[in-house]
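Here is a short report on the model shown below.

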Amino acid sequence: MTFLGTGTSQGVPMIGCDCDVCLSPDPRDNRLRSSIHIETPECSWVVDTGTDFRTQALREDIRKVDAVVFTHSHTDHIMGFDDLRRFSHARGSMPVYASAETMRDLERVFRFAFNTSNPVPYYLKPEPHVIDGPFQLGETFITPLPVPHGDSMVNGYLFSRARVWNTDLQSVPRKLSEECHVGEPETPDRMSVGRTGKTACVPDTHEKLVAYLSDCSAVPDAIVDLISGVKVLIIDALRDKPHPTHLSVGQALEAAARVKPGDTYFTHICHDLPQSAESRLPAHTHIAYDGLKLGL
């Protein structure tokens with residue numbers, strides 16, 4: 001997994017700002033809009049396509065994207081959507097996963113792309129999949145995590161995969177449908193599964209790998225229970241000072257203490273929080289930076 005960006009809607013440095021972080025010589029203080037790229041043996045996808053998506057894809061030399069998953073439709077999370085056209089043309093279409101509300105916004109803002117009568121070659125051809133429960137991309141089980149973002153509700157995501165046996169390294173064979181009562185895949189390659197049911201659970205045979213909560217102002221108890229013990233928690237931590245639509249550093253630390261992850265990474269960071277602040281954080285708690293890669 002690669003952090004494509006870890007910054008806020010305005011990015012860091014901010015236009016016309018001469019604060020210490022915006023003028024910092026530490027390249028980790030240079031933050032583009034929040035997004036991640038996940039690559040597995042079966043496929044790869046991005047979570048959100050912010051304003052900087054083209055720059056991020058070029059910087060990380062991303063050559064293949066099999067799907068895009070959206071948290072919500074705020075400008076800093078969707079405005080690079082059309083730059084998916086390169087990947088869409090390579091595979092024939094682009095599976096797009098989003099809540100019903102976010103999908104409606106995408107279809108309104110990018111009407112030219114969702115207009116199926118448009119025959120122009122190389123244009124982005126979205127393949128919409130409305131999320132109303134857990135779904136799969138390849139062998140990764142993705143559970144939506146509805147969290148408040150000020151007055152809005154947005155999706156975070158929990159990514160889990162079947163544990164492997166120590167003896168022969170074969171995946172646990174039990175089907176997801178036997179564990180969570182979710183639907184069977186609709187396509188042989190399991191890349192366009194779409195909706196697979198409304199049960200919010202994680203199969204017992206699965207390992208909770210990453211919980212991604214890029215934009216939130218609280219983490220409800222039900223979400224804490226669902227992601228408890230996850231290997232990596234990536235969580236909104238805007239700054240030290242409280243904010244009406246994002247977690248502060250203190251609030252993010254409190255949430256992490258409840259979740260008890262293996263490691264915690266802060267994201268969606270504004271220019272009030274320098275990378276150097278990591279030195280005062282608890283063990284296994286980090287400030288993520290653009291281009292950071294995690295192997296799981």
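## A loop aspartate

Asp29 sits in the loop between E1 and E2. The labels follow DSSP runs: helices are H or I runs of at least four residues, strands are E runs of at least two, and both are numbered from the N terminus. Asp29 has a relative accessible area of 5% and is buried. Buried means under 20% relative accessible area, exposed means over 50%, and partly exposed lies in between, with a 1.4 Å probe and protein chains only.

Which residues does Asp29 touch, leaving out those up to four places away in sequence? They are Val12, Val21, Ser24, Pro274 and Gln275. A contact here means heavy atoms within 4.5 Å.

## Basis of the model

This is a predicted model, in which local features need pLDDT of at least 70 and side-chain atom pairs count only at pLDDT 80 or more, while totals for chains, interfaces and linings use all residues. Residues are numbered from 1 along each chain as its sequence is written, and side-chain values use heavy atoms, with hydrogens and water left out.

## The chain as a whole

The chain has eight helices and 13 strands. It holds 296 residues, and 54% of them count as buried. Among its contacts with a separation of 6 or more, 66% join residues 24 or more positions apart. The accessible surface is about 13700 Å², and carbon and sulfur atoms supply 50% of that. These areas come from the Shrake-Rupley method with a 1.4 Å probe; for residues, only the protein chains shown count as cover.

## The six-stranded sheet

Six strands make an open sheet, in the order E1-E2-E3-E4-E5-E6, with mixed pairing. Strands pair through backbone hydrogen bonds, in either parallel or antiparallel fashion. Two strands count as paired if DSSP finds at least two bridges between them.

E1 pairs with strand E2 (residues 35–39) in the antiparallel sense, over three bridges. Gly5 has Ser35 of E2 as its bridge partner. E2 and E3 are also antiparallel, joined by four bridges. Ile36 is bridged to Val47 in E3. Four residues lie between E2 and E3 in their hairpin. E3 then runs parallel to strand E4 (residues 67–69), with three bridges. There, Val46 stands opposite Val68 of E4.

Strand E3 (residues 44–47) is covered on both faces. Ser44 and Val46 are buried on one side, Trp45 and Val47 on the other. Helix H4 (residues 100–109) lies across strand E5 (94–98) and E6, at about 130° to E5. Axes are lines fitted to C-alpha atoms, for helices over the stretch in contact, and angles run from 0 to 180 degrees between N-to-C directions.

## Two linked hairpins

Strand E7 (residues 135–137) runs antiparallel to E8, with three bridges. Leu137 stands opposite Thr140 of E8. Two residues separate the strands of this hairpin, and Gly138 takes a positive phi near 60°.

E8 is antiparallel to strand E9 (residues 152–162) as well, across nine bridges. Thr143 has Leu158 of E9 as its bridge partner. The hairpin of E8 and E9 has two residues between the strands, and Gly150 takes a positive phi near 65°. Strand E8 (residues 140–149) is mostly covered, with nine of its 10 residues buried.

## Cysteines

How many disulfides does the structure hold? The count is zero. A disulfide requires a pair of cysteine sulfur atoms within 2.5 Å. For Cys270, the closest cysteine sulfur is that of Cys19, 8.7 Å away and so too far for a bond. Cys270 is buried at 8% relative accessibility. Cys43 is buried too, at 3%.

## Confidence

The average pLDDT of the chain is 89, and 87% of the residues score at least 70. Residues 167–199 fall below 50, yet this stretch has 74 contacts in the model beyond near neighbours in sequence. pLDDT is the predictor's confidence in each residue, from 0 to 100. Where it is low, the predicted coordinates should not be read in detail.
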